[in-house]
Amino acid sequence: MEQNGDRITSPSRLSSLKEAIEEVVRIQRYHIDEKNLEFVLDISPKVEVTSSRESIENILIQLIENSRSHAFDGIKHPTIKIVATQSQSNFIVEYCDNGCGIPEELEEHLFLPFSNYSKSMSTW
C-alpha cells in the first residue's frame, strides 16, 4: 500500500484489464441478475495496464452503479457493453449502456466538480 495525499492506494503493477473487468462483473452479478441486465464484454486478454487494479475496478463499479440506478427504468432488455482495445502505448475502455441517457438540459453540468444528479432531485 502507498499513501497518496489523504488516500492509501495499492502500488501500480502490470495486470490484465480483462481479469479486472471480469472480477467487477462477478462481484456485481447479484445486482445484474436482479435487474436482468446483460453484459457484453469485448476485451482482449492481451490488454494489460500498469495501474492500481483497485482504481480501475472502482471506476467500473461506479459506472455500473450509475447505469443501474439511473438508466434502465422502462428498458426491456437492459445492456451494458464494455470494449477494451490497446495501441502501442495506450489503452481505451469504452463503456456504454442502452439506458435512457441524461436529459439534454443537464448535460452541461455533467463534469462540473461536485455536481450530482438524481431522478429524485429536480435540480443540480
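1. Val83 has Glu94 as its bridge partner in strand E7. Further along, Thr85 stands opposite Ile92 of E7. Strand E6, residues 79–86, pairs with E7 in the antiparallel sense, over seven bridges. Two strands are taken as paired if DSSP finds at least two bridges between them. A hairpin of four residues leads from E6 to E7.

2. On the source: this is a predicted model, in which local features need pLDDT of at least 70 and side-chain atom pairs count only at pLDDT 80 or more, while totals for chains, interfaces and linings use all residues. Residues are numbered from 1 along each chain as its sequence is written, and side-chain values use heavy atoms, with hydrogens and water left out.

3. The chain contains two helices and seven strands, in the sequence pattern β-β-β-α-β-β-α-β-β. These elements are DSSP runs numbered from the N terminus: helices are H or I runs of at least four residues, and strands are E runs of at least two.

4. E6 and E7 belong to an open sheet of three strands, ordered E4-E6-E7, with mixed pairing. Its edge strands, each pairing on one side only, are E4 (38–43) and E7 (91–97). From one strand to the next the twist averages 10 degrees. Helix H2, residues 53–70, lies across E4, E6 and E7 and runs at about 15 degrees to E7. For such angles, axes are lines fitted to C-alpha atoms, for helices over the stretch in contact, and the angle between N-to-C directions runs from 0 to 180 degrees.

5. The largest nonpolar core has 18 residues. The term covers buried Ala, Val, Leu, Ile, Met, Phe, Trp, Tyr and Cys residues joined through side-chain atoms within 4.5 Å. Leu17, Ile21, Phe39, Leu60, Ile80 and Ile82 have the most contacts inside this core. Helix H1 (17–34), E4, H2 and E6 each give at least two residues to the core, and H1 gives the largest share, five residues. Leaving out residues up to four places away in sequence, Leu60 touches Ile21, Val24 and Ile82; contact means heavy atoms within 4.5 Å. In soluble globular proteins, nonpolar side chains tend to be buried together.

6. Apart from residues up to four places away in sequence, Val47 touches Ser15, Ser16, Leu17, Lys18, Ala84, Thr85, Gln86 and Phe91. Ser15 is 32 residues from Val47 along the chain, and their C-alpha atoms are separated by 8.6 Å.

7. How many disulfides does a search of the whole structure find? The count is zero, where a disulfide is a pair of cysteine sulfur atoms within 2.5 Å. Cys96 is partly exposed at 42% relative accessible area, and Cys100 is partly exposed at 49%.

8. Chain totals: 28% of the 124 residues count as buried. Of the contacts between residues at least 6 apart in sequence, 64% join residues at least 24 apart. The accessible surface is about 8800 Å², with 50% of it belonging to carbon and sulfur atoms. Accessible areas come from the Shrake-Rupley method with a 1.4 Å probe; for residues, only the protein chains shown count as cover.

Methods: Buried < 20%, exposed > 50% of the residue type's maximum accessible area, 1.4 Å probe, protein only.
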